Amino acid sequence: LKTLEVYRTLGKVYMDWKRIPEAERVLKIVVENHEKVTGAPPWEDLDRLGMLAEARGAAKEAETWYRGAVEAGKAVLGEDAMSLVAPTMRLAQLLRKKPGHREETAKLFEEVLGMLGTKVPKSHPQRLSALNGLADVYGALGRGEEAVPVLEEVIEIGTAARGDRDSPTLLARATLGRVLTDLGRYDEAEEVMLDADRRANQALGPMNPFAGPIHVSLGGLYRALGRFDDAVKSYRLASGRFAMYGGPTAIPTLASTLIHGSCLVDAERYEEAVAILEPLYPRMQQALPEEHSLRRGVVRTLAHAYDALDRKDDARPLIELRIRLDLADAEAEEPSADDLNEAAQALLYEGYKDLGDPKRALELAQRAVALKADAPDRKRWGLLVTRARAEFGTGDADAAIKTIQQAIEMAPDGWIPVLKKRLDEFRGGGR
């Protein structure tokens, strides 16, 4: 037992020194032998191994360690032990990045709130962080109406307790703006986010780290409204701020840079998009696996930009990769509307007759639209644009014109000129 304690202490020292390989080697010795010696699983050491795996970017391995820590901790301490708040939060924060785990993530945040209960004040940072995470997941699940009161509670309590310098409160304001955007409450969303930006600047100065998440959300609002110049400015500021605080390969930096480039593609500013995305792609390849959503996003966006610039030799390998990955998602057991829509778009590149398949694209696009039949217009018009392109690709110009007209009726004002240009192309019979 004393020997194990020495190893554990050594592992913690290595963690403090950020010597990850040595820390992992030592703590694995503890894990392998602890239960034999004590009869109890070493949940704290499992949690530490999860943190180390996450620090080196091994998300799947980190998930396995965290799950083991939570399960072992419950066996030793009981379901509602306060000590389990931290590992459960870490598991929830890891899983919230994975679209297929959102329901489970919501339950984990709810578990954390149950563990905290009345044992801590309402303004406790862990409680506010858990509420923030829960609201964010609600928004991702399309449960925005449930997310809004949770975020408003965080803002009210956090501001009263610590003012505008409070991290959970400033993040809640950014998340609230994003949720309101998703609900189509655009004026409220802009007011919330501009107010958040003003408060953060006044409390922490113009170079504060919260400008990143605030301006990502603000850029999303402007992009939804078709205000591309405003969106590009917000995304540029956000990616610069994330890079300043997290470095060029940090996930928030990679994500915001990708969104910046994608917005430039939407605005048909293709040369600028390529200038941003070409250096981003090698960083993605180095930092992320092929199937990661961010790496796939840059493949899609850069392929689109190359194709628009008629750089077919550069576009072709990316289009081939996109088709392979997107079709795999579409052929899964229960693909989402977004999965089907992305796969349909991948099959609609013109000028690559050996790669395209308009008939298959139309089938996928029709399924995507059907899945969103009861969704509000703001969730459907983009899917209709893809279906219209597929209809045109199969030679049914009349159907394509009718579908794009439906999309125009649903789309925000800023997008209407873009869609009318597409309508003119369909009427003219060309690209």
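**Helix packing and a buried glutamate**

Helix 18 (residues 358–371) packs on helix 19 (residues 377–393) with the axes 8 Å apart and an angle of about 155 degrees. This is a predicted model, where local features need pLDDT of at least 70, side-chain atom pairs count only at pLDDT 80 or more, and totals for chains, interfaces and linings use all residues. Residues are numbered from 1 along each chain as its sequence is written, and side-chain values use heavy atoms, with hydrogens and water left out.

Student: Are helix 18 and helix 19 roughly parallel or roughly antiparallel?

Tutor: Angles run from 0 to 180 degrees between N-to-C directions, with axes fitted to C-alpha atoms over the stretch in contact. Under 35 degrees counts as roughly parallel and over 145 as roughly antiparallel. The angle here is about 155 degrees, so this pair is roughly antiparallel.

Student: Which residues of helix 20 does helix 19 meet?

Tutor: Contact means heavy atoms within 4.5 Å. Helix 20 covers residues 397–410, and helices are DSSP runs (H or I, at least four residues), numbered from the N terminus. On the helix 19 side, W381, L384 and F392 are among the residues involved. Their partners in helix 20 are A397, A399, A400, T403, I404, Q406, A407 and M410.

Student: Does E190 count as buried or exposed?

Tutor: Nice one! E190 lies in helix 10 (residues 186–204) and touches L221, Y222 and R227, not counting residues up to four places away in sequence. Buried means under 20% relative accessible area and exposed over 50%, with partly exposed in between (1.4 Å probe, protein chains only). At 19% relative accessibility, E190 is therefore buried.

How values were computed: Helices (H or I, at least four residues) and strands (E, at least two) are DSSP runs, numbered from the N terminus. Angles under 35 degrees count as roughly parallel, over 145 as roughly antiparallel, 65 to 115 as roughly perpendicular and the rest as oblique.
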